[in-house]
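Subject: Structure handover

Hi,

Here is the structure I promised to pass on. My notes follow below it.

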Amino acid sequence: MPKKKSPIDHLNSPRQPHIVHLIPPGAPGHAEAKGGAMVVSSPAEVDALIRQLEPGEVLTLDDLRAALARRHNVAVACPVSTAIFANMSARAAEERRQHGVSQAELTPWWRVLRKGGFLNPKLPGGVERQAVLLRNEGVTVSPLRKQLAVYDYEARRPDRNIEEASPR
């Protein structure tokens, strides 16, 4: 029986981004692309973009998708694969933390929010863990419609295009 892959194994897969030119009707991203092409990124590429975020900066999954689309000069990035790869990045970072890697060297997954600035319950440790890590960086997290959110997330977006920066 093959060994189960760890989060780090998934992150380090040889998968490469690819462009889908004809998005089937009803598929994620079809309506948003309006006839344009869509990039299906890779775990490593998503991880590299998240690593561009500095302490106190945040972005949403939609911001991350927009950066991927700009990087590949297409209409959209796949919403499903981008969310999955962001989650892989978070889980790999937490696996590295368990191996003794310092927080400064980890991919800062806690800086990626859901639409509207909401924290993501699907990330490691849920919204409670994400809130602690954000607060440690001076980011205010408060309840909004019974969910934790970063009210000033728009002001905390990077003032540069993260897809153009060289990896840290």
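Which residues of α4 and α5 meet each other? In α4 they are Leu 61, Leu 64, Arg 65 and Leu 68, and in α5 they are Pro 79, Thr 82, Ala 83 and Ala 86. Contact here means heavy atoms within 4.5 Å. These residues divide into 6 nonpolar, 1 polar and 1 charged. Ala, Val, Leu, Ile, Met, Phe, Trp, Tyr, Cys and Pro count as nonpolar, Asp, Glu, Lys and Arg as charged, and the others, Gly among them, as polar.

Before going on, some ground rules. This is a predicted model, in which local features need pLDDT of at least 70 and side-chain atom pairs count only at pLDDT 80 or more, while totals for chains, interfaces and linings use all residues. Residues are numbered from 1 along each chain as its sequence is written, and side-chain values use heavy atoms, with hydrogens and water left out. Helices (H or I, at least four residues) and strands (E, at least two) are DSSP runs, numbered from the N terminus.

**The helix pair**

Helix α4 covers residues 61-72 and helix α5 covers residues 79-98. They pack at an angle of about 110°, with their axes 10 Å apart. Axes are lines fitted to C-alpha atoms, for helices over the stretch in contact, and angles run from 0 to 180 degrees between N-to-C directions. α4 and α5 are therefore roughly perpendicular to each other (65 to 115 degrees; under 35 is roughly parallel, over 145 roughly antiparallel, the rest oblique).

Buried means under 20% relative accessible area, exposed over 50%, and partly exposed in between (1.4 Å probe, protein chains only). The buried residues are Pro 43, Glu 45, Val 46, Asp 47, Leu 49 and Ile 50. They pack against α1 (7-11), α4, α5 and β5 (112-113).

Ser 41 sits in the loop between β2 (38-40) and α3 (43-50). Ser 41 is buried, at a relative accessible area of 1%. Its side chain makes a polar contact with the side chain of Glu 45, at 2.5 Å. A polar contact is a pair of N or O atoms within 3.5 Å; within protein, one must be able to donate a hydrogen and the other to accept it, and residues adjacent in sequence count only if both atoms are side-chain atoms. Not counting residues up to four places away in sequence, Ser 41 touches several residues, including Leu 68, Ser 81 and Phe 85.

**Asn 87**

Asn 87 lies in helix α5. Is Asn 87 buried or exposed? Asn 87 is buried, with a relative accessible area of 17%. A polar atom of its side chain lies 3.1 Å from the backbone oxygen of Lys 122. Leaving aside neighbours within four places in sequence, Asn 87 is in contact with Lys 122 and Leu 123.

Most residues other than glycine have a negative phi. Arg 145 has a positive phi of about 50°. Lys 146 has a positive phi of about 70°. Arg 145 lies in the loop between β6 (142-144) and β7 (147-149), and Lys 146 lies in the loop between β6 and β7. Arg 145 is exposed, at 63% relative accessible area. Lys 146 is exposed, at 87%.

Best wishes
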